[in-house]
Amino acid sequence: MSSAAGPEAATEPDRPAEQKTGTFSSLKVRNYRLFATGAVVSNTGTWMSRIAQDWLVLSITGSSFAVGITTALQFLPMLLFGLYGGVLADRYPKRQILILTQAVLGLLGLLLAGLTLSGVVQVWHVYTIAFLLGVVTVVDNPTRQTFVVEMVGPDHVRNAVSLNSANFQSARLVGPAVAGVLITAVGSGWAFLFNGLSFLAPLTGLLLMRTSELHKIERAPRGKGQLREGLRYVAGRPELIWPIVLVGFIGTFGFNFPIWLSAFANKVFSSGAGTYGLFNTLMAAGSLIGALLAARRSRTRLRMLVATACAFGLLEVVAAVSPVFWLFALLLIPIGIFGMTFNATANASVQLATDPVMRGRVMSLYMMVFVGGTPVGGPVMGWVTDTYGARVGFLSGGLVSAAAAVAVALVLARVGGLRPQLNLRRGRGKGEPLFAFVPRDGAPGASGGPGTPGGPGGATSDVPVGDGAAEDGPAARTAAAPDDESAREGEPPATDGATPPQGEEPAPRLTPAV
């Protein structure tokens, strides 16, 4: 890559994947097609198992708190050991790791099926298997997330991440509905059996892949201090740390749907497993729409991240106070849309802002705070739901999510040298936003110079959260500062347009407001 002059040219290495892409462009890659085909089968089984597991625990105990404990145990290993999973994902061949983890997940599904179908299942059996599933997921999740880059390359990462979400949500359309019918007709055991057998599909896909067509990614060598190195890497980058903070709050308090939806079906609307399956299917429909919309986007903006998080929380608040069944059910669709848009935007933002050699550790931290917060949020939200009712539980989760989105938006604006501006004047021109973040007086970039809001190569000051930050502003300098040489070894310069060392691929970079 040759050097280029000018502020616009200097930022070109930061945006390698912003060309126009089709909604399904990643499916042109054979290895990714095999991966996606196997995933849709196993994801369907996973959703069937999730619905059956939650309903089985609720049937045995009659307690939303017990459902929360089950969810917490499944995600507790991610909180305790999540970073170690990222180290393994960076160190060893990802395809081989996935073959092992998918096989173990299938065996655990078959074990739960055998216990349930034999009639000897007890709640502690479900707790134990949930915890073991979580242990395997510690390694499987960051490996699966980062394996996407090896299959499709950096140019299609955004699209592939969004299609993975669409894949998962497509299965969610089918899985809960089928699980509801099976539970009502023949019991939960058959849903668990299907889940265990469904892992044959991704195993087959992984074995059929052409390893010669995988993109070569540098693996981290064995060494001491790799966990600390990953944490230092994230801590020095606002474009990573604040999205991960927001993901942690939303994951801990906003995504406790097994607790809330089962409680609404059982206690608010006095219905059974079929209604619980319907609620999950409606949310899945919205999530699928959100994932497909995200797949069409060629850029990743932090403005989109905080806006969708806020909308997601506010919609949960509205749904919590909905007085009638069908209004509550219909609101689950936009909740799914905004929730999935938030998930896909956060995932792609973090992956694309991370150097390839660090990606496993960063994504393990991402998943640790996203699902690892569930051991805290699940029991807390379950207790609130049991004590004060399903509506108060759902309401509290939505309020925390919306508040976290607003707080992170203000922090990112401050880091980027911006301030909020409310435009209420009567003569407001067409296209002028009612609310925007604009450069603070005296802040770097306020004069409209190159690479600043309003200047060449920069964003205009009248755009909402995210587009007003200067490439050369304090946030960008914070992200690029070599404060720890060991954490940044092999990292190409962020904005000087220099050619990276031979054989190294420059990591796509995001400023805190892209």
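Contact means heavy atoms within 4.5 Å. The model is predicted: local features need pLDDT of at least 70, side-chain atom pairs count only at pLDDT 80 or more, and totals for chains, interfaces and linings use all residues. Residues are numbered from 1 along each chain as its sequence is written, and side-chain values use heavy atoms, with hydrogens and water left out.

View 1. Leaving out residues up to four places away in sequence, V247 touches F342, A346, Y366, V369 and F370. The C-alpha atoms of V247 and N347 are separated by 9.4 Å, at 100 residues apart along the chain.

**View 2. Packing of helices α13 and α14.** Helix α13 covers residues 302-320 and helix α14 residues 325-352. They pack at an angle of about 155 degrees, with axes 9 Å apart. Axes are lines fitted to C-alpha atoms over the stretch in contact, and angles run from 0 to 180 degrees between N-to-C directions. The two helices are therefore roughly antiparallel (over 145 degrees). Their crossing is left-handed: the near helix is turned anticlockwise from the far one by less than a right angle. Contact residues include L305, F312 and L315 of α13, and F328, F338 and F342 of α14. By class, the contact has 16 nonpolar, five polar and one charged residues. Nonpolar covers Ala, Val, Leu, Ile, Met, Phe, Trp, Tyr, Cys and Pro; charged covers Asp, Glu, Lys and Arg; the others, Gly among them, are polar.

**View 3. Aromatic pair of W55 and Y276.** Rings of Phe, Tyr and Trp (its six-membered ring) pair if their centres lie within 6.5 Å; planes under 30 degrees apart are stacked, over 60 edge-to-face, the rest tilted. The count comes to 20 aromatic pairs. W55 and Y276 are stacked, at 5.9 Å centre to centre and 25 degrees between the planes. W55 lies in helix α2 (residues 30-61) and Y276 in helix α12 (residues 273-296), 221 residues apart. Both are buried.

**View 4. Aromatic pair of F257 and F394.** This pair is edge-to-face: 6.2 Å between centres, 85 degrees between planes. F257 lies in helix α11 (residues 257-268) and F394 in helix α17 (residues 390-415), so the pair ties together parts 137 residues apart in sequence. F257 and F394 are buried. Ring pairs link both into a cluster, with W260, F312 and W326 among its other members.

Conventions: Helices (H or I, at least four residues) and strands (E, at least two) are DSSP runs, numbered from the N terminus. Angles under 35 degrees count as roughly parallel, over 145 as roughly antiparallel, 65 to 115 as roughly perpendicular and the rest as oblique. Buried means under 20% relative accessible area, exposed over 50%, partly exposed in between (1.4 Å probe, protein chains only).
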